[in-house]
Amino acid sequence: MLDPITAAATATKAYAMIRALVEGGREAHDVMGQIANWYGAASDVLYAEKKAKNPSPFKRVVFSKSVEAEAVRIFSLRKKMEAQQREIIGMINLAYGAQGLQEFRDIRKQVAKERQDAVYRQIEMRENMLLSLAIFVLLVVLSGIIITTVNTL
């Protein structure tokens, strides 16, 4: 799921569930599944922001206005995710203390790196393959036009 709007909606839903569970008196370990869902969706929003900051040359030329609008939208989503993350970190700190919070952060960094290496790299490879295919097709069409032009002369 890399659509930033969908990822933000998923994160917001998970965040609302976390708050409801905590306010309902649930223990921190009961809420960790929802926190995991939130971090997965928030990670997708941050990745989409990174992609929006560095769009492909084709997207920059063809969709220049939509690229800027997407960047602004993703920026506002990131700020929303940051505010939600601060509250989640506070909840974890209250439940497990400073040492538990540090352990959580270490584990989160490790999982984020693994996710980036596996999922996001695969997506980037797929996008690069599609771009390469588009360039190849364009070159074939241009070669055909040049050959047709030369043969008619």
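**View 1. Contacts across the whole chain.** Residues 24 or more positions apart account for 73% of the protein chain's contacts with a separation of 6 or more (a contact means heavy atoms within 4.5 Å). This is a predicted model, where local features need pLDDT of at least 70, side-chain atom pairs count only at pLDDT 80 or more, and totals for chains, interfaces and linings use all residues. Residues are numbered from 1 along each chain as its sequence is written, and side-chain values use heavy atoms, with hydrogens and water left out.

**View 2. The helices and the surface.** Here you can follow 4 helices and 0 strands (DSSP runs, numbered from the N terminus: H or I of at least four residues for helices, E of at least two for strands). The accessible surface is about 10500 Å², with 63% belonging to carbon and sulfur atoms (Shrake-Rupley method, 1.4 Å probe). Of the 153 residues, 24% count as buried (under 20% relative accessible area, 1.4 Å probe, protein chains only).

**View 3. The largest nonpolar core.** This core has 22 residues, and those touching the most other members are Ile18, Ile35, Trp38, Tyr39, Met81, Ile88 and Phe104 (such a core is a set of buried Ala, Val, Leu, Ile, Met, Phe, Trp, Tyr and Cys residues joined through side-chain atoms within 4.5 Å). Helix 1 (4–23), helix 2 (28–53) and helix 4 each give two or more residues to this core; helix 4 gives the most, with 8 residues.

**View 4. Met81 and its contacts.** Leaving aside residues up to four places away in sequence, Met81 touches Ala8, Ala11, Thr12, Trp38, Ala42 and Val45.

**View 5. Arg78 in helix 4.** Look for Arg78 within helix 4 (residues 64–152). Arg78 counts as buried because its relative accessible area is 18%. Not counting residues up to four places away in sequence, Arg78 touches Val45, Leu46 and Glu49.

Conventions. Buried means under 20% relative accessible area, exposed over 50%, partly exposed in between (1.4 Å probe, protein chains only).
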